[in-house]
Amino acid sequence: MNFLNPLLLLGALGIGLPILAHMLNRFEVKHTDWAAMQFLNRSVRVRSRQLRLRDVILLILRCLAMLLLILAITRPSMKSRHALVSALGEKRAGVVIALDASFSMQHRDGTQTRFERALEKVESIADGIRTGDSVTLILLGAEHRTVIRNAAFDADAFAELLGEQKATSEALHVDSVPRILKELAAEMKAPEKEIHIVTDMQEQDWKPRSIWLQESLKDLARNASVFLVPIEGGPENLAITGLELVSGVLRKGTSARYRATVRNCGANVAQNVRVTGLLNRISVDVKVIPVIAPGTSETVSLFFPFRDPGPVKIAAELSDDALAADNTRQAVAVIRDRVSVLCVEGSDGDGQSAGRLIAAALRARDNRKVQDDLAVRSVSWVDLPSQDLKQFDVVILADVPDITVEQARSFERFVRAGNGLIWFAGDYVKADAWNQRSALEGSPLLPGTIEEPISTIDAMGIGRSLDPSLTDHPVCRPLLSLAEDLLSETRFRTMLRVKPSATSTKVLSLAGSDSPLLLEHSLGRGHVFMFTTSAGSAWNNMAVTPVFPMLLQQMVTYLTGREFETPRTVGDTLSLSYVEQPDATDAVFDTPAGETITVPVREYRNQYVALLGNAREAGFYLARVSLQAAGMPIAVNVDTRESMVKSMLSAETKRILKDSGVRVVRSSDEILAGMEESRESHSLWRILMMAGLAFFVIESLFAQWMSKRSPKTGENH
Amino acid sequence: MTDHITQINYLDPELLQKLGDLELVAREVVEGLRVGSHRSPLRGFSTEFAHHRQYAPGDPIRDLDWRVYGRTDRYYTKLYEAETNFDCHVLIDASASMSYGSGKVNKLEYAKFLAASMAYLVLKQRDSVGLSIFDSEVRTYMPPRSAMGIIVEIDKMLREIVPTPKTTVAKQLHDIALMMKRRSFVILISDLLADVEDIMAGLDHLRFDGHNVVVLHTLDPYELEFPFKGTWRFEGLEREEPLTTQPERIREDYVANLDKYLTALRSGCIGANIDYKTVDTSRPLDGVLNEFFAERATTLNGGAVGARL
């Protein structure tokens, strides 16, 4: 016999209380001499003995009742096939149902989605649950969501609740599933426990973790009967796995090229895959990919023209396929009306001065006409104090020897407010002074500590070329589209040795070495780029190659971007931050489904931030500081790792689950038969509770009957 | 009486016990009854004719003078005056059961006060009073005398008694009846914890010998009400088998047995023309005596008892 609450067995000591009371009553006898003993005659003595007997009977009944009730609350169960136990006990079980609600479950092989088929299986499981059994229903995803937890089962309420469930846009976080199921099963107070996992068993999740899963499931099966209900499905699925800005500036009147990556997750060749570029939900570009081989990805360029300033919603969309959730990829771009760049020059300002080269590179797109949307002002470093930084979006410091502490603080504020700073090395740079000024209280202004200049001339007597270290960095992307010879044409002869700070990222390196050419780090809402080489022609020939305008324009585009332009993934935290304290104390997030979520604005590290903990939907969220304020869209995309929808094959499933103690049940009959078979224990608490209460009633009736009988006894004498 | 304790409103047995002097107690009790303002409530057999009165309905038939009727054909009733010269014999039960008392005064002490008070009353009427004390046998027999000092002797005799278990009331009453030479007024003070038939046999003997018998049945209030709570062990004073029980649960049975016994005893006494009075030893003595005399006067007027004034 097992007890769910074995500690409560200590309560059995409680039956000592009535016995103790009885004994105390018996032993606490007062003595008296008595003359009228003749009235305490035989019948009275018999009556007295009867009373003692009655007391003993009542005591026994009371003790029995108490013992049975204590046993009942310890929730005993017995594993026995004996007819009496079967007749008295009930086959009770606590049931945990884990329903895979990741977006792969939206995959439609035929008329039904996998999730709809899974719901039917859950209904079959519910048929095998008795009213009053403990039930937990958890939806599995990136963040598992418990729908009901350890609740008494009610078929109607459960069916109603089940009907309200929908598959999410989340990917399945498989690694945390065994742990959460174990916890949920452990908290159940039931003689038998069952865990039903209803999932499409994606090969990409299960296969790489087969040994770990086998062990985890084996561990689960030690304390519960584990049933796996596979919802099988085919692999066919096309997904847009990426949408990135490749080139172009995000300014009014310009166009930008975005790259959409389409992956064929299926086993068949996909032909004539049509990809549509949507700007604010309006189709602006359509491309067709003739062929995508199974298991491969193809990219396609989509051009988005920006006619108006402000935030725009950019999306790439596939034509409908078996799984719609990953057919769209979103991004946000903030189109600027005008970008102002301040170029501060530390050199003398001759014909090849850094300032002029930088200005030329930034205006490289069209030198013949004056660009209204890009303003570049070049000043000497001695004129820096007279400049108002608020008028500029990006400041470029080229070979500036030194700055004051106040200037350093003002640059920090400038960057933290969401602007950009590009720093170039040069002969005039005073390393010690910069290191000293750069060292701010929290994080340094520059992403590295300056050491001495080093020569990078190779054995041939020419400098080394560059190597884009971070191929996926927005600054590197256009470089990758350059021809190899153009890249190798850029040569660096001298550079500063720097010690990168802990928060910095190496964007460009010197080819064949680990020495960084370009470092980046973020400061507040803005970024700082640090070139370890010069902008002029003294240390390299970069300024006269096509690399330089590409790099500078891409960097300015990147630096004038905002944090919400970076697409997020479902499950990420969405944030809305302000340098100045906003008027409202709450921020509002409108979800893609139209729901409005209000979150408080809190002060965090000299900023005011509103955080939405978990973005559950894919699409465009709209963040506002108040209901009346203009919204800022934030793109949230699905995690396309989930797009590999191919389910495990039966044979493979069998292999993984071999000796794990997990039963695979497919049909409704198999589910019900498995549940019936696994329930060996019979819960006895109900019968014990009823017996205990019955004994209390009997004791009460017996006592009442005896007390009614007493006068008659007296009269008989 | 100049030495009457005027401050005492009622004669509580415990207070009397504190007084110690039995004669004083008796005097207090009896003077409190205001003897002299009424006719003697104790009417002996020796009677003296006073005069005749025409019969009136309600007069006892036994007092009709049949001789006058024979001569005159009219009904006349004989009227008598109390004769002060009669013998009163007080019998005190000193068995072990009489030593029970739930309060400070046990039944024997109370019996002593009762006996002394009765003796004092009789002596005050200038009649003779005698005393017998018995338990398993007759311990003391003192023939009737009219000296007041008998009260002191009663006290002395009672003090010397060592209570003995196993009272055989019938036998003692038989023995005492044999000892008494004249028809007397017999007052039996006892708890009568014995078989009713046995007791009645002894009392009948006294009645057959022509004695006028009064039974003062002394019982402790606890014996009457049985108010014990909790678990008690009752040790019999007369060597009965002890009983451990929860009295409150058998109280009904006990009271039923007691009522049955008292009813039988009272019925037996009425049948044998014996005055019977249950005396609760927690009650004041004067109250008990007053009540007894009042009842007796009523009974005599009703002509139920064959005593004469």
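These legends walk through close-up views of a predicted model.

**View 1**
A handy reminder: an α-helix has 3.6 residues a turn, so residues three or four places apart point the same way.

**View 2. Helix α5 packed with helix α4 in chain B.**
Here α5(B) is joined by α4(B), residues 107-124. The two helices pack at an angle of about 160°, and their axes are 9 Å apart. Angles over 145 degrees count as roughly antiparallel, and α4(B) and α5(B) are therefore roughly antiparallel to each other. Their crossing is right-handed. From α4(B), the contact draws on B:Lys112, B:Ala115, B:Ala116, B:Ala119, B:Tyr120 and B:Leu123, while α5(B) brings B:Ile150, B:Ile151, B:Ile154 and B:Leu158. Sorted by class, this contact has 9 nonpolar residues, 1 charged residue and no polar ones.

**View 3. Helices α6 and α7 packed in chain B.**
How far apart are the axes of α6(B), residues 169-179, and α7(B), residues 196-208? The distance is 7 Å, and the packing angle is about 10°. That angle makes α6(B) roughly parallel to α7(B). On the α6(B) side, the contact is made by B:Val169, B:Ala170, B:Leu173, B:His174 and B:Ala177. On the α7(B) side, you can pick out B:Asp198, B:Ile199, B:Ala201, B:Gly202, B:Leu203, B:His205 and B:Leu206. By class, the contact has 8 nonpolar, 3 polar and 1 charged residues.

**View 4. Where chain B touches chain A.**
Finally, let's turn to the contact between the chains, which takes 27 residues from chain B and 28 residues from chain A. On the chain B side, the elements that give two or more residues are β8 (231-236), β9 (243-245) and α9 (247-271). Which element gives the largest share of this side? That is α9(B), with 9 residues. The residues on the chain B side divide into 11 nonpolar, 8 polar and 8 charged.

Conventions:
Residues are numbered from 1 along each chain as its sequence is written. Chains are lettered from A and ligands numbered from 1 in the order in which they are written. This is a predicted model: local features need pLDDT of at least 70, side-chain atom pairs count only at pLDDT 80 or more; totals for chains, interfaces and linings use all residues. Axes are lines fitted to C-alpha atoms, for helices over the stretch in contact, and angles run from 0 to 180 degrees between N-to-C directions. Helices (H or I, at least four residues) and strands (E, at least two) are DSSP runs, numbered from the N terminus. Angles under 35 degrees count as roughly parallel, over 145 as roughly antiparallel, 65 to 115 as roughly perpendicular and the rest as oblique. A crossing is left-handed if the near helix is turned anticlockwise from the far one by less than a right angle, and right-handed if clockwise. Two residues are in contact if their C-beta atoms, placed from the backbone, lie within 7 Å. Ala, Val, Leu, Ile, Met, Phe, Trp, Tyr, Cys and Pro count as nonpolar, Asp, Glu, Lys and Arg as charged, and the others, Gly among them, as polar.
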